[in-house]
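Subject: Handing over a structure, with notes on what was found

Dear colleague,

I am passing this structure on to you and would be grateful if you could look it over alongside the notes that follow.

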Amino acid sequence: MEKFTVLNGLVAPMDRANVDTDAIIPKQFLKSIKRSGFGPNLFDEWRYLDHGEPGMDNTHRPLNPDFVLNQSRYQGASILLARKNFGCGSSREHAPWALEDYGFRVIIAPSFADIFFNNCFKNGILPIKLDEKIVDGLFQDNAASDGYQLKVDLESQTITTPNGTSIRFDVDEFRKDCLLNGLDDIGLTLKHVDDIKAYETKRKQQAPWLFA
Amino acid sequence: MAGKTLYDKLWDTHVVRTEEGGTALLYIDRHLVHEVTSPQAFEGLRIAHRKPWRIDTVLATPDHNVPTTDRSMGIEDPIARIQVETLDANVEEFGITYFPMNDVRQGIVHVIGPEEGATLPGMTVVCGDSHTSTHGAFGALAHGIGTSEVEHVLATQCLVQKKMKNMQVVVSKVGAGVTAKDIVLAIIGEIGTAGGTGYAIEFAGEAISDLSIEGRMTVCNMAIEGGARAGMVAVDNKTIEYVKGRPFAPKGENWDMAVEDWKGLTSDPDAKFDHVVEIDGRQIQPQVTWGTSPEMVVGVDARVPDPENESDAVKKDGMERALQYMGLEANTPITEIAVDVVFIGSCTNSRIEDLRAAAVVAQKAVTEGRKVSDTVKQALVVPGSGLVKQQAEEEGLDKIFVAAGFEWREPGCSMCLAMNADRLQPDERCASTSNRNFEGRQGQGGRTHLVSPAMAAAAAIAGHFVDVRDLTA
Ligand code: SF4
């Protein structure tokens with residue numbers, strides 16, 4: 001997993017609540033057996049005017065000019081500003097894969113769906129929960145100024161706005177550590193092999209039918 | 001000290017170790033695997049030269065991509081075929097128990113787990129699929145995980161977890177003709193699609209204890225649509241009776257020991273919940289969703305809501321967008337909405353009791369000389385597993401459906417998410433027994449209304465939504 005330390009990034013707004021993972025990456029792209037290459041199909045049904053299928057050459061498809069990520073001012077954005085309950089619905093990890101492949105490393109929203117939130121951390125994306133009012137303010141500032149950028153510093157858990165205001169955010173210690181160091185979860189857990197085996201021995205006594 | 005909730009108990013018996021900050025390693029007893037969310041996990045294992053920790057806990061089947069029509073020629077769509085073949089190869093390589101496409105036990109993961117007795121009370125159950133919450137109906141801790149976590153559980157038998165908060169949803173007795181699906185849709189209408197975020201929900205109250213185990217599965221299945229990764233129901237005699245004698249269920253001495261243990265899988269009377277929601281069951285009518293989120297739901301006797309009456313700007317905007325996508329006018333009576341397609345199936349409503357409930361409506365139509373309305377282009381019945389299909393055929397349900405003009409299909413996810421050939425065309429309107437009415441869920445531009453199996457069958461016959469209680473009274 002790629003490390004995450006500090007990011008200075010252009011901000012793109014996704015101004016609707018309850019954006020679900022079906023919208024983030026429609027199901028036809030879930031047929032892939034790979035982990036990469038989902039970026040061109042991020043928000044496929046909103047982003048293009050035609051119907052997307054896996055294997056298409058996306059560079060020749062008609063873009064929906066009304067879709068926010070197609071506007072020239074948001075090209076190269078790496079921070080997504082979103083509304084509440086972002087990432088609800090299906091557990092598909094293809095959603096963070098697509099966001100990451102497109103270039104997003106930070107998502108800011110008042111709230112996230114649990115499974116999606118979890119999946120982000122495993123893919124080098126930092127999801128940040130902020131108070132609804134603060135998010136609202138960011139939407140307004142972002143709309144008002146072309147090329148609006150934020151600086152996100154994970155170590156100090158702060159977001160700095162262009163006028164120098166600093167916003168603190170919370171992040172779970174364990175997840176922060178994994179992101180900062182690009183640590184592999186499985187490797188970390190396997191350090192506790194003895195604990196897992198001890199648990200199994202004890203559990204086998206209590207509930208032998210689970211090991212039959 | 002206050003007593004423990006069911007969730008507290010399930011959590012406590014599965015914690016392997018706790019880290020500072022409250023993160024824990026949680027031991028997993030059952031891991032269900034399907035073709036869509038597993039290829040990258042198996043690939044990860046291979047790259048890291050890791051082996052599955054306990055293959056006896058893993059059960060795999062293809063469901064999302066399989067065709068529901070004749071399968072003797074295999075899967076036509078080459079990309080879907082590769083995904084199923086990848087699962088075939090992975091289970092072979094790692095030695096995992098597998099119900100392949102042409103095995104009678106194949107079906108939707110959330111149907112076959114309980115059907116096989118692979119889901120047991122007191123277990124932790126995970127699957128790379130958000131509707132894993134279904135298995136909580138057995139007094140199990142069950143939730144969906146992402147593909148990285150699928151790999152993590154395969155490699156370590158554990159998940160890195162933080163304990164969720166406790167929520168209890170208590171529903172009092174419901175009226176006749178109100179089903180599990182109506183109950184859960186009404187709950188989501190009440191708490192909202194994010195109402196359960198961060199919580200494990202225990203469903204309780206007379207309405208829930210009156211339900212069959214299959215009905216409880218329908219309710220828990222949709223916990224995730226209320227934002228909760230896990231939904232659960234306490235164990236009672238029905239739970240134990242349901243599990244008894246199933247292929248993977250404990251036998252002999254183990255069975256007796258297990259039953260003793262399972263009887264304790266209820267919340268203590270003095271347990272404390274962080275949040276309690278009480279719902280008056282008598283107020284619940286058969287439900288129909290009108291928008292593009294499961295919380296956008298009303299009783300069949302109501303009208304499509306008017307965004308003008310909504311004061312919250314973000315909500316109002318969402319309602320307007322939904323009405324536009326759904327091609328609906330505010331204030332239209334629900335019973336005046338005509339449907340083009342009817343889908344009876346999915347892990348929410350494809351078990352034998354669901355098919356029976358739909359068949360009662362179909363049979364009544366046939367007896368009265370009626371059929372699926374001419375205005376309905378397609379009415380599909382897709383059983384949840386090969387065994388459900390077999391059972392339904394033994395009971396003659398397939399004949400009833402076909403006589404009434406429904407199509408009788410092979411088991412799988414089908415039009416619930418339209419990854420196979422079963423999908424809506426743009427602007428087609430569907431009465432569906434599935435669990436998600438998101439934009440494009442059943443096909444790009446398709447419009448989904450979530451309902452119970454009986455309500456779906458009734459809509460197929462009438463050509464528009466009707467209160468099924470008027471038909472079957
Ligand atoms: S039936 Fe639908 S919701 Fe259930 S597992 Fe299949 S695709 Fe998911």
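I begin with the strands of chain A, where A:L80 has A:I107 as its bridge partner in strand 3. Please keep in mind that this is a predicted model, in which local features need pLDDT of at least 70 and side-chain atom pairs count only at pLDDT 80 or more, while totals for chains, interfaces and linings use all residues. Residues are numbered from 1 along each chain as its sequence is written, chains are lettered from A and ligands numbered from 1 in the order in which they are written, and side-chain values use heavy atoms, with hydrogens and water left out.

Strand 2 of chain A (residues 79–82) has both faces covered, with A:I79 and A:L81 buried on one side and A:L80 and A:A82 buried on the other (buried means under 20% relative accessible area with a 1.4 Å probe, protein chains only). In general, side chains in a regular strand alternate between the two faces of the sheet. Strand 2 of chain A pairs in the parallel sense with strand 3 of chain A (residues 106–109) over three bridges, and also in the parallel sense with strand 1 of chain A (residues 6–14) over four bridges, where A:A12 stands opposite A:L80. Strands here are DSSP runs of E of at least two residues and helices are runs of H or I of at least four, both numbered from the N terminus, and two strands pair if DSSP finds at least two bridges between them.

In chain B, an open sheet of five strands has the order 5-4-3-6-7, with parallel pairing. Strand 5 (97–98) and strand 7 (141–144) of chain B stand at the edges with a single partner strand each, so one side of each is left without a neighbour in the sheet. Within this chain, strand 3 (residues 30–33) and strand 4 (residues 58–60) run parallel and are joined by three bridges, and B:H31 has B:V58 as its bridge partner in strand 4.

On a 1 Å grid over the protein atoms alone, a cavity is a set of points where a 1.4 Å probe fits but cannot get out, a pocket is an open set with protein on both sides within 12 Å along at least five of seven lines, and lining residues have an atom within 4 Å of a point. Grid points are joined across faces, edges and corners, and a volume is the space filled by probe spheres set on the points.

The largest cavity holds about 200 Å³ of space, and of its 22 lining residues B:H64, B:D129, B:H131, B:L417 and B:R441 are the closest to its centre. The ligand sits in this largest cavity (more than half of its atoms lie within 2 Å of the grid points), and the residues surrounding the ligand include B:H110, B:C347, B:C413 and B:N435 (each with a heavy atom within 4 Å).

The second largest cavity has a volume of about 150 Å³, and among its 21 lining residues A:G87, A:C88, A:G89, A:A113 and B:I224 are the closest to its centre. Helix 4 of chain A (residues 114–121) provides the largest share of that lining, four residues.

Finally, the second largest pocket contains about 740 Å³ of space, and helix 11 of chain B gives the most to its lining, with seven residues.

With kind regards

Conventions: Buried means under 20% relative accessible area, exposed over 50%, partly exposed in between (1.4 Å probe, protein chains only).
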